[in-house]
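This briefing is intended for a reader who is meeting the structure for the first time. Please keep the sequence and the model in view while reading the points below.

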Amino acid sequence: MLEIINLKASINKRDILTGLNLKINPGEVHAIMGPNGSGKSTLANILSGKKGYEITGDLKYKGENLKDIPVEQRAQKGIFLAFQYPLEIPGVNTNNFLKTSLNTIRKANGKKEIDTLAFLKLVKEKANELGIDEKILSRQLNVGFSGGEKKKNEILQMKILDPNLVILDETDSGLDIDALKTIADGVNSSRSKDKSFLVITHYQRLLDYIKPDFVHVL
Ligand code: ADP
Ligand code: MG
């Protein structure tokens, strides 16, 4: 699914990653741990296509050279990043955001757009599974959401978009134990032979709930 060969990354002449190797096969869950500042978010950002880094080394996603895939196409091809700090986007309704994201990906993959009724049924079902209060879905994206609601909303997005490579950047930090369990349940119930996970975390406790196949330390 993902192969990283001797990845070096720097920003503003500061070296952050200095030769990272990682191979994730379909169906595997890998955890990456490491202290603050060790480059965990940098790795997540590079995989999702954030600009500004000087990169050398090889990155392959489903056999394709990832560097050749523009950002918006990375999502369309099944890469999903749950942000460490989900952005608040005033003026954008959460339901509309989720529906537009889903339909953009469906269209890019030659599938029919999902209509409003079918979407609402889907989003309600997934929100209920995650114990998300449906009321937040009609609010502006992440605006005024609690920390836990923001992170659960990232997992809801993951459930709806149904990606192949899921990157979770400290989705567990700052959560109480109930929210942490919700996040872990969301991941565990999504595990399948054609989906891979890169779970970035600062804390051991998430790994009590998500049992990774491999643990790496940066
Ligand atoms: P982590 O997620 O493991 O805490 P990050 O990947 O966020 O670490 O950051 C790694 C290092 O890179 C940190 O020391 C951070 O200050 C530095 N860094 C990140 N972005 C920039 C930037 N735009 N300019 C300079 N240094 C940066
Ligand atoms: Mg980070």
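Helix 1 is largely enclosed by the rest of the structure, because eight of its nine residues are buried. The model described here is predicted. Helix 1 spans residues 40-48 and lies across strand 3, strand 6, strand 9 and strand 10.

**Helix 1**
- The buried residues of helix 1 are Lys40, Thr42, Leu43, Ala44, Asn45, Ile46, Leu47 and Ser48.
- Ser41 counts as partly exposed, because its relative accessibility is 23%, and buried means under 20%.
- Helix 1 runs at about 150 degrees to strand 10.

- Five strands form an open sheet in the order 6-9-10-3-11, and their pairing is parallel.
- Strand 6 (79-82) and strand 11 (214-217) are the edge strands, each pairing on one side only.
- From one strand to the next, the twist averages 15 degrees.
- Strand 3 (residues 29-33) and strand 11 run parallel and are joined by four bridges.
- Within this pair, His30 has Phe214 of strand 11 as its bridge partner.
- Helix 5 (residues 147-161) lies across strand 6, strand 9 and strand 10, and it runs at about 170 degrees to strand 6.

**Strand 1 and its partners**
- Strand 1 (residues 2-11) and strand 2 (residues 14-24) run antiparallel, with eight bridges joining them.
- The two strands form a hairpin with two residues between them, and Asn12 in the turn has a positive phi of about 45 degrees.
- Ile11 has Arg14, in strand 2, as its bridge partner.
- Strand 1 is also joined to strand 4 (residues 54-61) by seven bridges, and these strands run antiparallel.
- The bridge partner of Ile5 in strand 4 is Asp58.

Conventions:
Residues are numbered from 1 along each chain as its sequence is written. Chains are lettered from A and ligands numbered from 1 in the order in which they are written. This is a predicted model: local features need pLDDT of at least 70, side-chain atom pairs count only at pLDDT 80 or more; totals for chains, interfaces and linings use all residues. Side-chain values use heavy atoms; hydrogens and water are left out. Two strands pair if DSSP finds at least two bridges between them. Axes are lines fitted to C-alpha atoms, for helices over the stretch in contact, and angles run from 0 to 180 degrees between N-to-C directions. Contact means heavy atoms within 4.5 Å. Buried means under 20% relative accessible area, exposed over 50%, partly exposed in between (1.4 Å probe, protein chains only).
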